Amino acid sequence: MEWMSMDEIREKFLSFFESKEHLRLKSFPLIPHNDKSLLLINSGMAPLKPYFTGKEIPPRKRVTTCQKCIRTPDIERVGKTARHATFFEMLGNFSFGDYFKESAIPWAWEFATEWLKLPEDKLWVTIYEDDDEAFEIWNKVVGVPAERIVRMGKEDNFWEIGLGPCGPCSELYFDRGEEKGCGKPDCAPGCDCDRFMEFWNLVFTQFDKDEAGNYNRLAHPNIDTGMGLERIAAIMQGVDNIFEVDVVKRIMDSVLKVSGTKYNEDPKKDVSIRVITDHIRGITFMIGDGILPSNEGRGYVLRRILRRAARHGKLLGLNDPFLYKLVDSVAETYRGVYPELTVRLGYIKEVVRLEEERFNETVDQGISKLQLYIDRLKEEGKKTLSGVDAFKLYDTYGFPLDLTKEILEEQGIEVDEEGFNREMNIQRERARANKIEDSSLWANDALMEELKLYNTKFVGYETLKAEGRVLAIIKDRELVSSASDGEEVGVLLDVTPFYAESGGQVGDRGVLYNNNVEIVISDCKKALNKYIHIGKIKRGMVSVGDMVGAEVDKSLRMNTARNHTATHLLHKALREVLGEHVHQSGSLVTSEYLRFDFSHYQGLTYEQLEEIEKKVNEKIYEALPVAVEETTLEEAQKMGAMALFSEKYGDVVRLVKAGDYSKELCGGTHLKNTSEVGIFKIVSEGAIGAGLRRIEAYTGPRAYAYLSEYKNIVSSIANFLKIRESDVENKVNEMVNLLKDKDREIEALKQKLMSISAEEYIKRSVDVYGVKLLTLKLDAYTNKDLRDLNDMLKTRLKSGVILLAGIEDDKVNLVASVTQDIIDKGIKAGDIIKEVSAILNGSGGGRPDMAQGGGKDRSKIEEAFDVCRRYIEEKLK
């Protein structure tokens with residue numbers, strides 16, 4: 001095995017799979033494309049999901065990538081260990097219904113042993129416990145000895161997330177030598193020690209899990225593999241951790257130079273050095289891909305990482321902004337693979353510097369405030385900082401929660417995270433009501449300055465079609481003179497019918513066009529009150545100065561108007577049913593549904609929801625005219641108009657009236673008559689924070705489709721039960737009651753059988769130094785069953801120790817009890833459970849007289865019983 005750089009490994013991997021007819025794709029950006037389930041790309045597979053799900057056709061059935069990734073669940077551990085990182089690169093080869101295990105496994109072995117030249121006797125393999133197919137290929141085709149193929153359970157070697165595609169996986173491990181191990185005779189892959197390092201995971205997506213829990217074979221299974229580049233580099237370079245591999249070490253050297261510190265001299269300083277080294281990589285790549293620091297979503301992830309790194313800089317004595325200076329090192333280190341970092345170097349450094357300066361403005365005050373909290377808690381003998389105080393640190397001094405947690409952890413203090421999240425939710429709802437502009441596409445000071453030169457006239461209240469001149473074109477956060485086919489752009493017009501996202505209503509969609517170009521507009525947003533049409537050029541070229549037709553999608557606008565007018569009716573109905581204390585705290589109006597957040601102190605009853613829904617529909621059927629007029633704020637309020645507390649209003653306001661029923665100040669688009677709403681249906685209601693509730697509802701075609709779907713469900717149930725639809729409710733209630741009766745009968749019979757069995761079980765107790773010990777292994781016993789049986793046995797045993805192991809599915813439930821006279825001899829149920837559950841690869845604990853636990857390894861139950869007996873012997877010797 002020869003030393004190999006990260007760049008060499010990356011290139012070898014991609015070249016190897018190109019030789020196997022894979023298409024090499026560049027790393028996708030860290031911002032997921034059309035995937036709202038992810039904030040950031042966190043695996044090689046993540047950006048390829050549309051190909052796996054069939055939503056998109058892949059450019060080739062075989063693909064290979066080196067994907068940049070961000071993961072933050074263990075952010076507080078980054079730096080404290082040499083294993084954890086937020087940024088990493090993931091090498092992967094993928095098959096979309098093409099080859100399967102028969103190729104993926106031999107190729108993995110070929111690359112590891114022939115291209116990387118890893119010693120075969122150092123390589124181990126894990127497979128899913130039931131995957132005999134993978135075993136045969138590894139053992140018979142590849143030639144891996146059976147003793148180096150370890151079968152593992154579902155938790156370790158089976159990939160699934162809810163329903164849908166899933167399957168077993170196989171992992172490759174490198175044996176770093178006995179000196180790195182724990183010394184246990186059974187040490188093997190899966191052990192918690194540092195001897196075996198997993199470096200490649202092969203996922204065999206061969207099943208489709210349905211709602212019934214069945215794993216159905218896929219006609220065209222897929223391959224998804226992932227190998228951490230930094231991890232395999234650590235193996236190839238013979239170093240202990242990722243911070244010592246060549247690329248990461250070069251960045252660490254820059255950290256040491258800037259901070260004037262040395263590594264491996266002070267453990268506390270080493271933590272800060274590792275934090276900064278890791279975080280500056282993630283910071284640079286995230287900003288390079290267009291993410292900006294904020295208090296929401298991926299922007300907040302960036303802010304957390306950046307401010308955590310800045311705080312660790314202060315621990316090293318770096319009180320002035322310094323992170324931006326390290327961006328050069330990251331860009332230079334990755335220049336050959338990610339040249340875009342060099343292209344955007346100035347922009348990235350400026351964003352980092354500005355964020356550092358913002359943090360520096362408040363961090364010292366924040367640390368002083370936090371120290372006051374710490375002193376107060378210590379005086380009061382408390383160990384938990386309240387969520388309100390933690391949120392104040394975040395809101396006033398810019399302290400992300402994990403930064404507060406990290407500082408408090410050093411003092412042995414915890415944070416009330418639930419309380420913090422509650423405060424955060426309240427603020428988010430306030431912010432949603434206030435937020436009328438989204439600058440994520442144009443958050444660039446120079447660009448914002450240039451946009452001030454232009455003005456847009458909005459004509460969308462009167463018409464859905466207009467002609468306008470192109471004043472500016474934004475591409476990749478910069479102003480350009482033209483753009484062409486396939487490019488995503490933001491277009492600024494002098495006249496537009498497109499409503500821009502504001503006041504909770506989403507932006508219009510539609511098209512900009514002329515003889516030379518067609519731009520499909522997916523959204524419209526505001527920047528400095530300018531209307532930015534965001535879309536993708538379908539054909540042709542657009543240039544500044546062009547005249548284009550601007551046409552809003554009529555159907556979508558109509559559905560959005562339905563939901564907006566219905567929102568006003570809902571607000572009024574809520575106040576009538578619940579009381580005048582109800583006020584809007586946020587809303588979202590789309591073409592699909594409406595979401596309304598409001599102040600209220602408790603959950604709504606079924607009857608209240610029914611009454612609210614009825615009132616709204618009554619106003620729809622009354623066909624109230626919807627009128628709009630411009631007036632002063634004072635006059636509008638005299639007329640009884642509702643205004644949002646947090647909204648800012650000008651001298652002239654827009655008053656929207658639905659007959660004499662609803663009057664609200666609103667800048668959104670509405671219907672001409674309430675009858676156009678069609679129908680209103682509440683689909684959900686729940687809490688979003690302390691004193692805040694949320695209702696979601698459908699109107700018009702979406703409400704009709706929703707009700708039709710329920711009608712079909714009722715019809716299907718009726719057909720299945722062979723009854724009339726009107727009898728479904730009574731029949732279901734009857735069946736539920738019958739099942740409850742049967743459950744009670746079963747439970748009674750079970751208790752009788754237990755009582756009978758208990759008499760026999762008592763006879764199995766053994767004597768251990770004068771103490772009766774009863775151990776029982778029981779199949780299909782739940783925790784409740786074990787507790788019930790334990791109570792019966794304890795009553796009959798009078799004096800002694802009981803240990804019950806109930807097997808339920810793939811796990812073992814444990815219950816132990818000790819009578820008082822035996823407790824007096826120093827034997828405790830809690831201690832027994834702790835020792836016994838550890839043998840079964842589990843955990844547990846409890847009181848001296850009764851304790852519970854569990855484990856995963858059912859094969860060691862008898863060994864666990866022996867441990868219990870030896871524990872008693874030790875105590876009584």
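**View A. Arg654 over the ring of Tyr461.** The charged end of Arg654 lies over the Tyr461 ring, 3.6 Å from the ring centre. A charge sits over a ring if NZ of Lys or CZ of Arg is within 6 Å of the ring centre and within 35 degrees of the ring normal. The model is predicted: local features need pLDDT of at least 70, side-chain atom pairs count only at pLDDT 80 or more, and totals for chains, interfaces and linings use all residues. Residues are numbered from 1 along each chain as its sequence is written, and side-chain values use heavy atoms, with hydrogens and water left out.

**View B. Arg702 over the ring of Tyr698.** Here the charged end of Arg702 is placed over the Tyr698 ring, 4.1 Å from its centre.

**View C. The aromatic pair of Phe52 and Phe94.** The whole structure holds 35 aromatic pairs (rings of Phe, Tyr and Trp, the last by its six-membered ring, with centres within 6.5 Å; planes under 30 degrees apart are stacked, over 60 edge-to-face, the rest tilted). Phe52 and Phe94 pair edge-to-face, with 6.3 Å centre to centre and 75° between the planes. The pair links distant parts of the chain, 42 residues apart: Phe52 is in helix 2 (residues 49-53) and Phe94 in strand 3 (residues 87-95). Helices (H or I, at least four residues) and strands (E, at least two) are DSSP runs, numbered from the N terminus. Phe52 is buried at 16% relative accessibility, and Phe94 is buried at 0%. Buried means under 20% relative accessible area, exposed over 50%, partly exposed in between (1.4 Å probe, protein chains only).
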